Amino acid sequence: MQAVPLTRIDEEKNWQTILAEAVRDGHELLRLLQLEHSELAGQLGGDGDFPVLVPRPFVALMQQGDVRDPLLRQVLGQQEENRQVPGYVTDPLGEQPANVRPGVVHKYHGRVLLIAAGGCAVNCRYCFRRHFPYADNRVGRKQWQEALEYVAADASISEVILSGGDPLLLDDAALARLCGQIADIGHVRRLRIHTRVPVVIPQRLTPALTGMLADSCLQATVVLHVNHPAEIGHELVRRLEPMRRQGVTLLNQSVLLQGVNDDPEVLCQLSEALFAAGVLPYYLHRLDRVQGAHHFALPDERVGELYRYMKEHLPGYLLPRLVCEEAGQPHKTLLMV
Ligand code: SF4
């Protein structure tokens, strides 16, 4: 099997162009991977409100001809998503009550989450926010002002998290403006960016973005979302390096996914590959029970087996914390296995 070649042209294009050229059709994705005649072709489907969206650099990391490719499984919409399964709901983390005003989710003490963009560069089929009402959280200039006033009015907030939708879909100028406004709030000391864009479009890690985060008076952390070592391509590693060198803290969170990373060796390789790229494994999430993602769930016993293997085979600093989120809880729940 071969990886799909990423052309030189892709590496030279800017990230906006790469995003505009993303694959938006399951049939095309299968064709690129020479899987158009495989059993997957008959299973295509999924939620029309959450269409297939996959940038081509991510496709280039997949293996041609492999129906079980772990990256493909994360992004290919399938009819199985339409099955209603008891216990799988549209808002598994109960975020809506914490959505205190447009663009602001305030769940935990000391930090607040700003929905900086109403979409992502990739539609991950297991995403717990796949039903999030982004349309109600579209933030214009006035709402941004109100969101920042909310943060300024609560002196207990020391950290602002830009999440999404993916905040790195904002361009560098917009992001710099927003970060500057956050930095002007005296009690905010830390800025955290949760993003999957660099994993699917490494070109998003521009020198301007790196410089802006490194120069900010806020302590900047970028939390990536990588689930499988095959997602850590050469271009991502190359572009993370200056960030790390200039003092931006790099962390990763993963989700345990059936058919993707439910293999103890793969999970250990993921931690090793992240660390080699200067990224510390931070969280390993048990799947949130979101409607349309039941086929990614693992039995609790299997989750325990996988994590115990990791504990036995990795040094402590490469062991992510195994957690789940429970609606209404004031913190993530550490799972003891
Ligand atoms: S990038 Fe993150 S927020 Fe966006 S669909 Fe994927 S998991 Fe969800």
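How many residues of domain 1 are in contact with how many residues of domain 2? In this predicted model, 25 residues of domain 1 touch 37 residues of domain 2, contact meaning heavy atoms within 4.5 Å. Local features need pLDDT of at least 70 and side-chain atom pairs count only at pLDDT 80 or more, while totals for chains, interfaces and linings use all residues. Residues are numbered from 1 along each chain as its sequence is written, and side-chain values use heavy atoms, with hydrogens and water left out.

**Domains**
- The chain is assigned domain 1 (8-82) and domain 2 (96-334), with bounds from an automatic or database domain assignment.
- The centres of the two domains, taken over C-alpha atoms, lie 22 Å apart.

**Buried area**
- About 2,700 Å² is buried between the domains, 60% of it from carbon and sulfur atoms; buried area is the accessible area (1.4 Å probe) that two parts lose on being put together, summed over both.
- Trp-15, Phe-50 and Gln-74 supply 31% of the area that domain 1 buries against domain 2, more than any other three residues.

- Two salt bridges cross the interface (a side-chain nitrogen of Lys or Arg within 4 Å of a carboxyl oxygen of Asp or Glu).
- Arg-125 forms a salt bridge with Glu-81, with the closest N and O atoms 2.9 Å apart.

- Helix 1 (8-12), helix 2 (15-20), helix 4 (56-59) and helix 5 (70-75) each supply at least two residues; helices are DSSP runs (H or I, at least four residues), numbered from the N terminus.
- Helix 5 gives the most, with five residues.
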